[in-house]
Amino acid sequence: MANLQHIRRRIKSVKNIQKITNAMDMIARSRFNAAREALLSNLPYVAKTKEIMRRVVGQMRGREYEHPFLKTRDELIAEQKEADGKFLFIVIASDKGLAGSFSSNVFKEAHDTIEYDGTDTGESKGADDGDDENFHKKNFDALNAVKPIASRTQKQQRQVSATGGMARATGRSSGTSSTGANVSVAREYNDAAYIDGIELITVGRKATVHFQQRGYNIIKSYHGISERPQYKYAKEIADLVMERYAGGEIIDVTLIYTQFRSAISCVPDDVTLLPLVTDDFSKASENLKEEYIYEPDVMSILDEFLPRRIATRIYGAMLHSAASELSSRMNAMSNATDNAQELVGRLNLFYNKVRQAGITNEINEIVGGANALE
Amino acid sequence: MSTILLEVATPDKGEVFAKEINMLICRSIAGELGILPKHARLLTELVPHAMRIKMDGGETQLFIGGGFMEVTPEKITILADSAEMPDDIDVERAKSAYKRAEDRVNSAKNKGDAEIDLKRAEAALARAKARLLVKGVPIP
C-alpha cells in the first residue's frame with residue numbers, strides 16, 4: 001500500500017526532472033536557432049562550389065588532364081580491388097547524449113556502410129538529391145561479381161569475408177534484431193584483417209567511444225566541436241585525409257553524417273568524399289560548347305579548388321550534423337517534458353485516490369465507534 | 001547597356017551580393033581582370049583585394065578575402081573566403097590588423113625563418129589593406 005508521503009515525494013521528483021528537461025529543451029532550442037542559421041548561410045556556398053566543380057570537371061572528362069582526386073567509377077573499382085590501401089570513414093555524431101536516437105542512427109548507418117553486405121536498407125534513399133553517392137556501397141556488386149575465389153586479392157578477400165561473416169552472424173543469431181547483429185558483427189566475427197583495412201575519423205565523443213569499444217582503428221577524433229563546428233577543424237580533417245589519400249595509404253573516403261532536412265526530419269547520410277567520381281558530371285556540362293579559360297593553368301587551379309571543395313563538404317556535413325543534433329535534442333526534451341507532465345497528472349490522481357480512501361476509512365472508523373457506543 | 005549577374009557567396013554569411021552589374025574589375029593570382037557581359041568561360045583564383053563593381057547608379061567596392069571566381073557569359077560566381085560590403089567593415093579593426101600584420105611581416109622577414117609565417121602575415125596584410133581600400137581610408 002502506497003503511503004501518501006511516498007507519492008508526494010515521487011510527484012516532487014518528477015516535477016524536478018520536468019524542470020530540467022524543460023530547461024534543456026530551451027537551451028537546445030536557442031542553440032538550434034544559431035546552428036540552423038549557420039547551416040542556411042553555408043548552403044549557397046556549398047551548392048555553388050559543387051555546381052562549379054561538376055561543370056568544370058565534367059567538361060574536362062576525356063581530356064588529357066589527370067588529377068589524382070578525380071576518378072571514374074571503373075577506375076575506383078579497379079583501385080578497390082587491386083591496390084593495397086585502406087578504407088577511411090569519417091563519422092560525425094554528437095558529444096552528448098539525451099538527443100533521442102540521434103547518435104545511434106548515425107552508428108547504424110555507419111555500420112551499415114562499413115560492413116555492407118550487399119543488401120541496401122534503402123532508408124536514406126528516395127529524397128536523395130541523387131548525385132552525392134556512396135560508391136563504397138555501390139561498388140559492392142561489381143567487386144562481388146568477380147567470382148574466381150582462388151585468385152581473390154587480399155582486398156576483395158577482406159570485403160567478402162567480412163560480409164560473409166555478417167551473413168553468418170545474422171544467420172546464427174536470427175532471433176535478435178538485425179540492428180543488434182549489425183552492431184556486434186565486428187566484435188563477434190573478429191575479423192582482424194577487415195578491421196585492419198579500415199580507419200576511422202570520429203567527430204563527437206559518442207562516436208569515439210562507440211567505435212573504440214568495438215575495436216576499430218580510430219586515427220583521429222575531435223571532441224567538443226559537434227554543436228558549434230568551425231571551418232578550421234573541417235580543414236584539418238580534409239588536409240589529413242588528402243595527405244593520406246595522396247600518399248596511397250587509403251583508397252576511398254566515406255563521410256557519414258546526419259543530413260538536416262527539417263526540424264522534424266534528420267536522416268543519416270553517407271557519401272563518398274574521395275575520390276571524386278566523375279561519371280555523371282558530364283550531365284552538368286553537356287551543353288557547354290567552348291572550353292574554360294584557366295588562370296594561370298588547369299592543374300594549379302584544380303590543386304587549389306578540389307581541396308577547397310573537400311573541406312567545404314566536410315564543414316557542410318558538420319553544420320548539418322550540428323543542426324540535426326540540436327533539433328533531435330529539442331524533440332527528445334520536449335517529449336520528455338510532456339511525458340513528465342502526464343506522469344505528474346497520473347500521480348496526482350493516484351495521490352487523491354489514496355487520500356480519499358484514507359479519509360473514508362477514518363469516517364468509517366468514527367461512525368463505527370459512535371455506533372458501538374449507542 | 002547589357003548586364004551580367006554577379007553572385008558572391010561566403011561559407012559563413014551566405015550570399016553577400018547578387019545583382020545585375022555592368023562590369024567587374026577584380027584581381028586574380030595571375031593579374032588584374034576586367035569582366036564585361038558575355039565574357040568567355042573562365043575559372044581562376046582571386047587574391048585578397050578590393051573588387052570594383054560598376055552597375056547602374058554608379059560604382060561600388062566590395063572586399064574579397066581570396067577565393068575562386070567562375071565566369072560564364074551570363075553569370076559571374078565568386079566563392080569568397082570572406083566578403084564584406086563597405087558598410088560592414090570595421091575601420092578601427094582593419095587599421096589595427098594592418099599594423100599587426102605589418103609588424104609580423106617585418107619580423108618574419110628579419111628573422112628569415114618560417115616561410116609559412118611570412119606567407120600568413122602577408123595574406124593578413126593584404127586583407128587589411130584591401131579592407132581599408134574599400135572603405136577609402138588612407139593607408140598609414
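Me: Hi! Looking at chain A, what percentage of its 374 residues count as buried?
Reply: Hi! Of the 374 residues in chain A, 37% count as buried; buried means that 20 or more other C-beta atoms, placed from the backbone, lie within 10 Å of the residue's own. This is a predicted model, where local features need pLDDT of at least 70, side-chain atom pairs count only at pLDDT 80 or more, and totals for chains, interfaces and linings use all residues. Residues are numbered from 1 along each chain as its sequence is written, while chains are lettered from A and ligands numbered from 1 in the order in which they are written.

Me: Thanks. How many helices and strands are there in chain A?
Reply: Chain A has 11 helices and eight strands. Both are DSSP runs numbered from the N terminus, with at least four residues (H or I) for a helix and at least two (E) for a strand.

Me: What's the strand order in the open sheet of five strands?
Reply: In chain A the order is E4-E3-E2-E5-E6, with mixed pairing; two strands pair if DSSP finds at least two bridges between them.

Me: And which strands stand at the edges?
Reply: Those are E4 (218-222) and E6 (265-274) of chain A; each has a single partner strand, so one side of each is left without a neighbour in the sheet.

Me: How do E3(A) and E4(A) run, parallel or antiparallel?
Reply: They run parallel, joined by four bridges. Within that pairing, Thr202(A) has Ser221(A) in E4(A) as its bridge partner.

Me: Which helix lies across E2, E3, E4, E5 and E6 of chain A?
Reply: That's H10 (residues 231-246) of chain A, which runs at about 155° to E5(A). The angle is taken between N-to-C directions on a scale from 0 to 180 degrees, using axes fitted to C-alpha atoms, for helices over the stretch in contact.

Me: Switching topic: how many residues of chain A are in contact with chain B?
Reply: 22 residues of chain A are in contact with 20 residues of chain B. Contact here means C-beta atoms, placed from the backbone, within 7 Å.

Me: Which element gives the largest share on the chain A side?
Reply: H1(A) does, with 10 residues of the side that touches chain B.

Me: Where does E8(A) come in, which strand of chain B do its bridges reach?
Reply: Three bridges join E8(A) to E5 (residues 42-55) of chain B, and the two run parallel. Glu295(A) stands opposite Thr44(B) in E5(B).

Technical notes:
Contact = placed C-beta atoms within 7 Å. Buried ≥ 20, exposed ≤ 12 C-beta atoms within 10 Å, placed from the backbone.
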